[in-house]
Amino acid sequence: MFNLIKKDFVIQKTQILLFIPFIIFFAIFGDHMSPAFIFLLASTYIPLNGYIYDEQVESNILLNSLPYTRKEIVSAKYIGAIAYMILGIGVASVILYLFNFGFMIRDITIAMGLFFVFSAFAFPLFYVLKPGYIGVVVIFGMILLAGVLPPLFRLLTEHLTTITDFLTSLSTTTLYLSGAAISIILYLTSWMVSQLIYQRKVF
Amino acid sequence: MRKIENIVEFNNVNKYFKDFSLENINLQVKQGQITGFVGANGAGKSTTMKLMMNLLQPDTGEIKVFGKDYANHEKELKERIGFVYDSNVFYESLNLKDIRKIIGPAYKNWSDSKFYDYIKKFELPLNKAIKTFSKGMLMKTSLAMALSHEAEFIMMDEPTAGLDPVFRRELLDILKEMMEDGRRTIFFSTHITSDLERIADNITFIQSGKILFNESIRDIQERYALVKGNANLINHDIEKYFISMERSSTEFQAITNNAEEVRSLLGDQVVMEEASLEDIMFYTKGASRQYV
């Protein structure tokens, strides 16, 4: 299993070299951006790239011909994603700190929460969609989310005062804890769904 | 421990697809031998090989490798299998050094020194991206991987297709050498019958999703024969022993799948010669179409 996780690092060696300038770019030019968003990008960078490499039929044939079970192949992705998220966020915080880009622990926690939610929806898609369509769907999905979510939230805050009242009445700790619980539950559910899909996948 | 005779066994395996199906496949791959798997494009060779590798699961029937099933022994079985696929399965932007980092640790029996020995022997570049490799180099790469983890059973999908004749000879020599210690078993698909005549011990012939025969080359060559003789020898009783026949007003030439019977019936009246595998396969195909 550890070998499968390490594999994602080996296959994208060159892209990982680009990771540092990628974050530096945001540290310099992204001053209007939320640090949480930068952390989210940093955390999804390696796992998402790994998926893009492995969406090809051929890599699935290779991995499944090696002494691995399908269960291990999926689990390695989900466990590896957490490891690479921590690594990505760690490196990004060092870079942001060095470039005097102000951020708080809160930004990191929000990014982690969003990472779990985003991954929970994106990962199973890689097992469902035909190779070659993933990139388009993910980019389209991100644009859609960025475009639709903020106005939706605005609408919710304006009209559903009961919900917002309820949310503001909660203590920050409760809010964070429930947020964490929801995102982790989503991630675990997604893991199970991916297992089910991958067991039946035909190469 | 009981010696396992059949490395791979398919018992009544069925696999259905929308536009194609494998029906009632029974096949055995004998230990220590080379089995050639022949059939036209689309006959079901790749599907059978995918079933053998557990890339596909049968709808019904049973598949055993080394006498065990995939459901409970998947990792253990794959440790012992080497594979050569028709298309490149290695990450194309990586070089052999990086590929080794991915594949090596997957196997318990992996030996780095063996790997580097084979890379040297096969004259493969360590630092060039896989995407620059020719078909022959890719094949050698797969073989080097299989040999570095001491695969006992090597499955190859169309290893000779698209290779130049010189390299094809070289490959067949490598395979022969691999078989020398008698511990390995090879199963390879091809549509080039001369490859089979050169190295295979057994032939499995598949057509439209059905196995037509699965026998040793020697048995096949004994059973089939090319028969030539005078046209007036032909009558209804004789004709039924022929799977194909061409006749002119004076002479006939036919292929039989029951050489023994024909010899006892016609004896010296006809000339009997060894039929080539190509003839056998071509006419078996015709015969099955005729009687289905």
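Modeller: With burial: a residue counts as buried under 20% relative accessible area, exposed over 50% and partly exposed in between (1.4 Å probe, protein chains only). Asp8(A) has 6% relative accessibility, so Asp8(A) is buried. This is a predicted model, where local features need pLDDT of at least 70, side-chain atom pairs count only at pLDDT 80 or more, and totals for chains, interfaces and linings use all residues. Residues are numbered from 1 along each chain as written, chains are lettered from A in the order written, and side-chain values use heavy atoms, without hydrogens and water.

Biologist: Which residues does Asp8(A) touch, leaving out those up to four places away in sequence?

Modeller: Contact means heavy atoms within 4.5 Å. On that basis Asp8(A) touches Gly50(A), Asp54(A), Lys77(A) and Tyr84(A).

Biologist: How do I read the packing of H3(A) and H6(A)?

Modeller: Helices are DSSP runs (H or I, at least four residues), numbered from the N terminus. Axes are lines fitted to C-alpha atoms over the stretch in contact, and angles run from 0 to 180 degrees between N-to-C directions. For H3 (residues 35–54) and H6 (residues 105–128) of chain A, the angle is about 30 degrees and the axes are 8 Å apart. Angles under 35 degrees count as roughly parallel, over 145 as roughly antiparallel, 65 to 115 as roughly perpendicular and the rest as oblique. H3(A) and H6(A) are therefore roughly parallel.

Biologist: And which residues make the contact?

Modeller: Among them are Phe39(A) and Leu40(A) of H3(A), and Leu114(A) and Phe118(A) of H6(A).

Notes:
Helix = DSSP H or I, 4+ residues; strand = E, 2+ residues; numbered from the N terminus.
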